[in-house]
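Please study the sequence and the three-dimensional model shown below. The questions that follow go through helix packing and selected residues in turn.

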Amino acid sequence: MTLEGKIAFITGAGTGLGAAIALAFAREGSRVLAADVDDRAAADVAARCSAITAGSSACRCDVADSSSVRDAFRHLDRVFGAIDILVNNAGIVHTEPSYVEQLNRTQQAQIAEVMTEGKVKTHWRAIESLRRQRFLERTSCHGPDPSLGFVSPDGAPPGLQRPPPTRRG
């Protein structure tokens with residue numbers, strides 16, 4: 001599979017691993033939407049990606065905020081028209097205190113919003129975008145029988161695919 005010409009939406013793309021992922025996709029020929037709570041950092045990464053593969057873009061996206069996620073996907077639709085790849089990379093790190101069990105309730109809630117709810121919000125928006133297009137995806141089943149992985153004949157994303165045919169004994 002080639003990434004040439006694919007549209008990659010990457011959350012948390014402003015720094016660290018997200019920036020590295022964005023640049024790696026650009027090196028493989030993908031156009032990148034660099035999304036981050038720090039819109040300047042996202043814009044810098046998008047500019048670096050465009051220097052490698054023309055056509056990348058940036059937007060502010062706080063994955064913990066539904067309206068921010070909605071706005072980011074509207075930006076994606078305006079600029080690219082579709083999504084091929086979602087990298088749900090956004091994260092949050094608290095350096096003080098240094099032990100997770102010492103986090104206060106507010107810090108715990110922030111982590112839960114970004115690391116779990118934020119991933120769900122971007123996932124569902126991506127599914128909405130993917131419903132408007134057809135693509136072929138290889139999936140794997142999580143369970144005792146990994147041989148049930150299949151290629152969806154109707155091109156639906158995971159979670160929207162028809163189940164594999166029933167085995168007949």
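**Helix packing and selected residues**

The axes of α3 and α4 cross at roughly 30° and come within 10 Å of each other. Axes here are lines fitted to C-alpha atoms, for helices over the stretch in contact, with angles from 0 to 180 degrees between N-to-C directions. This is a predicted model, in which local features need pLDDT of at least 70, side-chain atom pairs count only at pLDDT 80 or more, and totals for chains, interfaces and linings use all residues. Residues are numbered from 1 along each chain as its sequence is written, and side-chain values use heavy atoms, with hydrogens and water left out.

Q: What is the handedness of the crossing of α3 and α4?
A: A crossing is left-handed if the near helix is turned anticlockwise from the far one by less than a right angle, and right-handed if clockwise. By this rule, the crossing of α3 and α4 is right-handed.

Q: Which residues in α4 meet α3?
A: Contact means heavy atoms within 4.5 Å. From α3, the residues taking part are Ser 66, Val 69, Arg 70, Phe 73, Leu 76 and Asp 77. Their partners in α4 are Lys 121, Thr 122, Arg 125, Ala 126 and Ser 129.

Q: How many charged residues does the contact of α3 with α4 have?
A: Ala, Val, Leu, Ile, Met, Phe, Trp, Tyr, Cys and Pro count as nonpolar, Asp, Glu, Lys and Arg as charged, and the others, Gly among them, as polar. The contact of α3 with α4 has four nonpolar and three polar residues. Its charged residues number four.

Q: Is Thr 122 buried or exposed?
A: Thr 122 has its place in helix α4. Buried means under 20% relative accessible area, exposed over 50%, and partly exposed in between (1.4 Å probe, protein chains only). With a relative accessible area of 0%, Thr 122 is therefore buried.

Q: Which residues is Thr 122 in contact with, leaving aside its neighbours within four places in sequence?
A: Thr 122 belongs to helix α4. Its contacts beyond those neighbours are Thr 11, Val 63, Val 69, Phe 73, Leu 86 and Asn 88.

Q: What pattern does the protein follow along the sequence?
A: Helices (H or I, at least four residues) and strands (E, at least two) are DSSP runs, numbered from the N terminus. The protein has four helices and four strands. Read along the sequence, they give the pattern β-α-β-α-β-α-β-α.

Q: Why are α1 and α2 described as roughly parallel to each other?
A: Angles under 35 degrees count as roughly parallel, over 145 as roughly antiparallel, 65 to 115 as roughly perpendicular and the rest as oblique. Helix α1 (residues 16-27) and helix α2 (residues 39-52) have axes 8 Å apart and pack at an angle of about 20°. The two helices are therefore roughly parallel.

Q: Which residues in α2 meet α1?
A: The α1 side of the contact consists of Ala 19, Ala 22, Leu 23, Ala 26 and Arg 27. By class, the contact of α1 with α2 has seven nonpolar, no polar and two charged residues. The α2 residues are Val 45, Arg 48, Cys 49 and Ile 52.

Q: At what distance does the side chain of Ser 50 reach the backbone nitrogen of Ser 56?
A: Ser 50 lies in helix α2 and is partly exposed, with a relative accessible area of 27%. Not counting residues up to four places away in sequence, Ser 50 touches Gly 55 and Ser 56. The side chain of Ser 50 reaches the backbone nitrogen of Ser 56 at 3.0 Å.

Q: What distance separates the C-alpha atoms of Ala 34 and Ala 58?
A: Ala 34 is placed in strand β2 (residues 31-36) and counts as buried at 0% relative accessibility. Among the residues that Ala 34 touches, not counting those up to four places away in sequence, are Ile 10, Val 45 and Ala 58. Ala 34 and Ala 58 are 24 residues apart along the chain, and their C-alpha atoms are separated by 4.6 Å.

Q: Which residues does Gln 107 touch, not counting those up to four places away in sequence?
A: Gln 107 has its place in helix α4 (residues 105-131). At 14% relative accessibility, Gln 107 counts as buried. The residues that Gln 107 touches are His 94, Glu 96 and Pro 97.

Note on methods: Polar contact = N/O pair within 3.5 Å; in protein donor to acceptor, adjacent residues only side chain to side chain.
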